[in-house]
Structures are given as C-alpha cells and as structure tokens.
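Hi,

Here is the structure for your ligand work. My notes follow below it.

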Amino acid sequence: MTRLIRFPAYLLAAAAAFVMAAGVAGGWRLWGSSNQGAEVETADILLGQRVYVEYCASCHGANLEGQPDWQTRRPDGRLPAPPHDATGHTWHHSTAQLIELTRKGVAGLVPGYESDMPAFEGVLTDSEIAAVIAYIASTWPQELRRR
Ligand code: HEC
C-alpha cells in the first residue's frame with residue numbers, strides 16, 4: 001500500500017522538476033535571443049527619463065503636459081512650452097528633426113525667431129539627446145510613433 005502511494009508522489013515530483021527546468025531553460029533562451037535589443041532600448045529610455053526630469057520638465061511639465069495655453073503667444077511674442085505627450089504636435093516630427101531641434105533650439109533652426117526653447121548642444125551629449133527623444137516617444141501610443 002505504501003509503495004502505491006509513494007510511487008505516484010515520486011513521479012509527480014519528477015514531473016514538477018522537469019517542468020520547472022524546462023520553464024527556466026525556455027525563459028533563458030527567450031531572454032538571450034529576442035530580448036537583447038529591447039534591453040538596450042529600455043536602458044536608453046531610463047537615461048532619457050532622467051535627462052527629461054532634469055533638463056526639460058521645468059518647461060514641458062513633469063508629465064509632458066506642457067505649459068497652460070501653449071498655443072497662445074505670450075505678450076512678449078514667445079510661445080509657452082508645448083506638451084510632448086500625444087496631445088501636442090511633437091509626434092508629427094521625425095526622430096531626426098526632434099534631435100536637431102533639441103540640439104540647436106528653435107531659434108537655432110529658425111534664424112531671427114525668438115523662443116524659450118534652449119539649445120542643448122554642449123549641455124547634453126548626442127546620446128543623451130537621442131535618449132530623451134526616445135523617452136518622449138516611448139510615452140506615445142504605438143500608432144503615433146515614427147522612425
Ligand atoms: C526654458 C524652457 C524650456 C526647456 C528647459 C526646454 N524646452 Fe523645449 N520648448 C520650449 C518652448 C517654449 C518651445 C516652443 C518653442 C517655440 O515654438 O517658440 C519648445 C519646443 C520644443 C520642441 C518642439 C516641439 C514641437 O512640437 O515642435 C521640442 C522637441 C523640445 N522643445 C524638446 C525639449 C527637450 C528634449 C528639452 C530637454 C532636454 C526641452 N525641450 C527643454 C521650452 C523649453
């Protein structure tokens with residue numbers, strides 16, 4: 001009688017161990033192959049988020065919401081900072097344009113135009129600028145993202 005009880009219990013333990021081992025090995029395989037690109041991207045986005053909080057949030061908002069009435073010029077003729085979330089128009093621009101805009105500032109791209117948007121060239125490295133744009137884009141719904 002005891003043997004009959006022990007035998008299935010042993011089988012069950014072996015089966016459980018096998019399932020766990022297969023699960024772990026399967027997990028590793030997934031992680032090792034297809035997830036490598038995603039890991040690099042996640043690191044960029046985390047760096048971008050830190051850069052955003054430190055250098056952009058004061059104007060563009062902690063939640064990328066921009067400044068109030070961002071479409072209305074102030075009495076001095078300058079525009080408030082626009083949101084970078086999906087309600088703004090940042091997502092209409094290509095990644096390359098956004099990087100250039102952040103590097104040169106709006107006045108740097110449009111000579112004679114007065115803007116509060118500073119140039120970050122020399123303040124942030126190119127990879128920090130690319131990372132902050134990647135972070136901003138990561139907050140948009142999939143259908144708004146561009147390459
Ligand atoms: C001192 C305030 C200020 C800071 C800090 C600031 N911005 Fe701006 N930004 C603005 C303003 C104001 C505009 C709108 C410029 C205009 O059209 O005159 C703008 C516009 C932009 C645009 C263009 C958006 C569009 O829809 O065309 C991008 C991109 C941008 N900023 C990125 C950034 C990033 C990235 C940072 C941080 C690294 C940053 N900004 C920091 C004020 C700021």
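The buried residues of helix 4 pack against helix 5 (126-138). Those buried residues are Leu98, Leu101 and Thr102. Buried takes 20 or more other C-beta atoms within 10 Å of the residue's own, with C-beta atoms placed from the backbone. Contact takes two such C-beta atoms within 7 Å. Helices are DSSP runs of H or I, at least four residues, and strands are runs of E, at least two, numbered from the N terminus.

This is a predicted model: local features need pLDDT of at least 70, side-chain atom pairs count only at pLDDT 80 or more, and totals for chains, interfaces and linings use all residues. Residues are numbered from 1 along each chain as its sequence is written.

Helix 4 is not straight. It bends by about 75° at Arg103, the angle between axes fitted to the seven residues ending there and the seven starting there.

Now the ligand. The shell around it holds 24 residues, and Cys56, Cys59, Ser115, Asp116 and Met117 come nearest. Helix 3 (57-60) and helix 4 (95-109) are the elements that give two or more residues to that shell. Helix 4 gives the largest share, four residues.

Overall, the chain has five helices and zero strands. Of its 147 residues, 14% count as buried.

Best wishes

Methods: Buried ≥ 20, exposed ≤ 12 C-beta atoms within 10 Å, placed from the backbone. Near = placed C-beta within 6 Å.
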